[in-house]
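Thanks for making time this morning.

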Amino acid sequence: MKWPLVACLLLPGILVYYGLHIIRREVIFVDLALAQVATLGTCVCLFLGHEPDDPHNYFWSLGFTLVGALVFTFTRATRHAKVPQEALIGITYVVAAAAGILLLSKSPHGKEELQRTLVGDLLTVTPVEIGKTAALYAVIAIVHFIFRKQFIRLSWDHEHAAAGGLSVHFWDFLFYALFGLIVTSFVQVGGVLMVFSYLIVPAACGTYLAVSLPARLAIGWCVATMASVGGLYASFKLDVPTGAAIVCVLGVTLLLAVIAQKFRCPA
């Protein structure tokens, strides 16, 4: 359990930060959709005859994810949009999931591959995979730190960003493209369900329990860490799938945060 624990403690950190942006943008299922689009790229690669551990899978997933990022960049809804972007995101997820099922239905190991895309294969993660993914996340974190004002303005004050001279489409695409890199890498390790859970649940807990962005981020990191340790421990003791156990512990943590918020004294 050593390397799965290292992966769960090291890799979700940037997902918590992105989760705060996603909640603020009110596009909660964008990560689920991008993760499913990345999975569709893997399904296409498998359909073309490549093996599950072939490096081609990553590049196919990344290519599909970047296309998805481009679509979400130019379909971001304004206040008076006829169709909310969340609807388009949901449609993208459903179509990508259905297309993946169709492609995997032609594979002799389709059922196993479908399960792997959902819950991942965390117990087989290697130090090399963790190192490569952590290095990628560090680079993305540096980019976000350098251009934090632009990204925060787009998420917290999008309506006035364009009026202030900010190139909205460029920064939105960069935001989603970097997010696509994160999703593509983490889906290979933890699967679609863990990506969504690590992104939204810790950020939601932070939003319930704090007001400032740094405090929400700190709470989110603590929640992700405790849920990772608790989920891995439950998986080991109960002999159940690791990814599913972590997702369930995250769900319980969110419930506790909601209850705590109800009883918290107003500031």
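Leaving aside its neighbours within four places in sequence, which residues is Ser185 in contact with? What we are looking at is a predicted model, and in that model Ser185 is in contact with Tyr58, Thr133, Leu136 and Tyr137, once those sequence neighbours are set aside. Ser185 itself sits in helix α10, which covers residues 168–209, and with a relative accessible area of 6% it counts as buried, because the cut-off for that class is under 20%.

Let me step back to the whole chain for a moment. The secondary structure comes to 12 helices and zero strands, and 43% of the 267 residues count as buried. Among contacts between residues at least 6 apart in sequence, 76% join residues that are at least 24 apart. The chain exposes about 13500 Å², and carbon and sulfur atoms supply 71% of that area.

The largest nonpolar core has 55 residues, and the members that touch the most others are Tyr18, Val30 and Tyr198. Helix α10 gives the most to this core, with 20 residues. If we take Tyr198 and again leave aside neighbours within four places in sequence, its contacts are Cys8, Pro12, Leu15, Val16, Phe186, Ala224, Ser228, Ile246 and Leu250.

I turn next to helix packing. Two packed helices are described by the angle between their axes and the distance between the axes. Helix α8, residues 148–156, and α10 have axes that come within 10 Å and cross at roughly 100°, and α8 and α10 are therefore roughly perpendicular to each other. On the α8 side of this contact we find Gln150, Phe151 and Leu154, which meet Val168, Trp171, Asp172, Leu174, Phe175 and Leu178 in α10. By class, that contact has seven nonpolar residues, one polar and one charged.

The second pair is helix α1, residues 2–10, with helix α7, residues 127–146, where the axes lie 10 Å apart and the packing angle is about 10°. Since angles under 35 degrees count as roughly parallel, that is the description that applies to α1 and α7. Here Trp3, Val6, Ala7 and Leu10 in α1 meet Pro127, Ile130 and Ala134 in α7, and by class the contact of α1 with α7 has seven nonpolar residues, no polar and no charged ones.

Two further residues deserve a look before I stop. Is Asp239 buried or exposed? Asp239 lies in the loop between α11 (213–238) and α12 (242–263), and with a relative accessible area of 69% it is exposed, because the cut-off for that class is over 50%. Its phi is near 55°, which is a positive value in a residue other than glycine.

The other residue is His56, which lies in helix α4, residues 56–74, and is partly exposed, with a relative accessible area of 41%. Not counting residues up to four places away in sequence, His56 touches Cys45 and His50. The C-alpha atoms of His56 and Leu46, which are 10 residues apart along the chain, are separated by 9.3 Å.

Key: Residues are numbered from 1 along each chain as its sequence is written. This is a predicted model: local features need pLDDT of at least 70, side-chain atom pairs count only at pLDDT 80 or more; totals for chains, interfaces and linings use all residues. Side-chain values use heavy atoms; hydrogens and water are left out. Helices (H or I, at least four residues) and strands (E, at least two) are DSSP runs, numbered from the N terminus. Buried means under 20% relative accessible area, exposed over 50%, partly exposed in between (1.4 Å probe, protein chains only). Contact means heavy atoms within 4.5 Å. Axes are lines fitted to C-alpha atoms, for helices over the stretch in contact, and angles run from 0 to 180 degrees between N-to-C directions. Angles under 35 degrees count as roughly parallel, over 145 as roughly antiparallel, 65 to 115 as roughly perpendicular and the rest as oblique. Ala, Val, Leu, Ile, Met, Phe, Trp, Tyr, Cys and Pro count as nonpolar, Asp, Glu, Lys and Arg as charged, and the others, Gly among them, as polar. A nonpolar core is a set of buried Ala, Val, Leu, Ile, Met, Phe, Trp, Tyr and Cys residues joined through side-chain atoms within 4.5 Å. Accessible areas come from the Shrake-Rupley method with a 1.4 Å probe; for residues, only the protein chains shown count as cover.
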